Amino acid sequence: AALAWMDLIWNSSSVGPIAVAGGNTHTVLVLDGSYSMQTREGEQSRFARAQQLAGEVIDAAARGDAFTVVLMGEPPRTVIGEPVFDTQDARQEISELRPPHAGANLAASLASVEKLLAGVREKHGRIANQRVCIFTDLGSTTWGEAASGDSDARLQRIAQQAPLTLFDVG
């Protein structure tokens, strides 16, 4: 039920621009760092696929768009907390990420996303829109709590503030 708040993209081979109304857009890129993301699909791990798709989202952005990055883990880690407007910087941070070899705390990760959305809205008036892109394999250990009270409420609050897109790399 909680996933109904998201616009699902299933195993897409490429990412086009995600439509958001005019003006600069802040995108929160959330990469699942849980154990299951280290599973290999052929030559590439799920985590590497998430990094690739996140890079494609960055490449598809318009000039003036900004990015922040959260690595879902136990605990989650905010990799880029202040919006980065340079796509090369954002891409480099994504490419240098390594999975933490741990589980992932969905509720705490969503709390980090909420904090980023609120902070950017408060500090950066030139940013007209926000969106959240989550790159995950939907592992049951992490996403099993999506329908729980805390995670579901956070997903609903986030969805009211910004479009949510889920990229299934599993």
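Tutor: Two strands are said to pair if DSSP finds at least two bridges between them. Please keep in mind that this is a predicted model. With that rule in hand, strand 5 and strand 6 can be said to form a hairpin, with four residues between them.

Student: How do you know that strand 5 and strand 6 pair?

Tutor: Strand 5, residues 66–72, and strand 6, residues 77–84, are joined over four bridges in the antiparallel sense, and since the rule asks for at least two bridges, the two strands count as paired. Within this pairing, Leu71 is found opposite Arg77 of strand 6.

Student: Where do these strands belong in the chain as a whole?

Tutor: The protein chain has five helices and eight strands, and from the N terminus its elements follow the order β-β-β-β-α-β-β-α-α-β-α-α-β. Of its 170 residues, 49% count as buried.

Student: Why is Ser112 called buried?

Tutor: Ser112 has a relative accessibility of 17%, and buried means under 20%, so Ser112 falls on the buried side of the cut-off. Ser112 is placed in helix 3, residues 106–123, and, leaving aside neighbours within four places in sequence, Ser112 is in contact with Val70, Pro76 and Thr78.

Student: What covers the buried residues of helix 3?

Tutor: The cover includes strand 2, strand 5, strand 6, strand 7, helix 4 and helix 5. Among the buried residues of helix 3 are Leu106, Leu110, Ser112, Glu114 and Val120.

Student: How do you know that the span of helix 3 is close to the expected one?

Tutor: Helix 3 has 18 residues and reaches 26 Å from its first C-alpha to its last, and the value expected at 1.5 Å a residue is 26 Å as well. At the start of this helix, a side-chain oxygen of Asn105 comes to within 3.2 Å of the backbone nitrogen of Ala107.

Student: What makes Glu114 and Arg157 a salt bridge?

Tutor: The closest N and O atoms of Glu114 and Arg157 are 2.6 Å apart, and a salt bridge needs a side-chain nitrogen of Lys or Arg within 4 Å of a carboxyl oxygen of Asp or Glu, so the pair meets the rule. Glu114 counts as buried at 12% relative accessibility, whereas Arg157, at 36%, counts as partly exposed.

Student: Why do Arg154 and Asp150 count as a salt bridge?

Tutor: Their side chains meet at 3.3 Å, N to O, and the limit is 4 Å, so the label applies. Both residues lie in helix 5, four residues apart, which is about one turn of the helix. Arg154, with a relative accessible area of 19%, is buried, and Asp150, with 41%, is partly exposed. Glu114, Asp150, Arg154 and Arg157 are linked in a network of salt bridges.

Conventions
Residues are numbered from 1 along each chain as its sequence is written. This is a predicted model: local features need pLDDT of at least 70, side-chain atom pairs count only at pLDDT 80 or more; totals for chains, interfaces and linings use all residues. Side-chain values use heavy atoms; hydrogens and water are left out. Helices (H or I, at least four residues) and strands (E, at least two) are DSSP runs, numbered from the N terminus. Buried means under 20% relative accessible area, exposed over 50%, partly exposed in between (1.4 Å probe, protein chains only). Contact means heavy atoms within 4.5 Å. The expected span of a helix is 1.5 Å times one less than its number of residues. A polar contact is a pair of N or O atoms within 3.5 Å; within protein, one must be able to donate a hydrogen and the other to accept it, and residues adjacent in sequence count only if both atoms are side-chain atoms.
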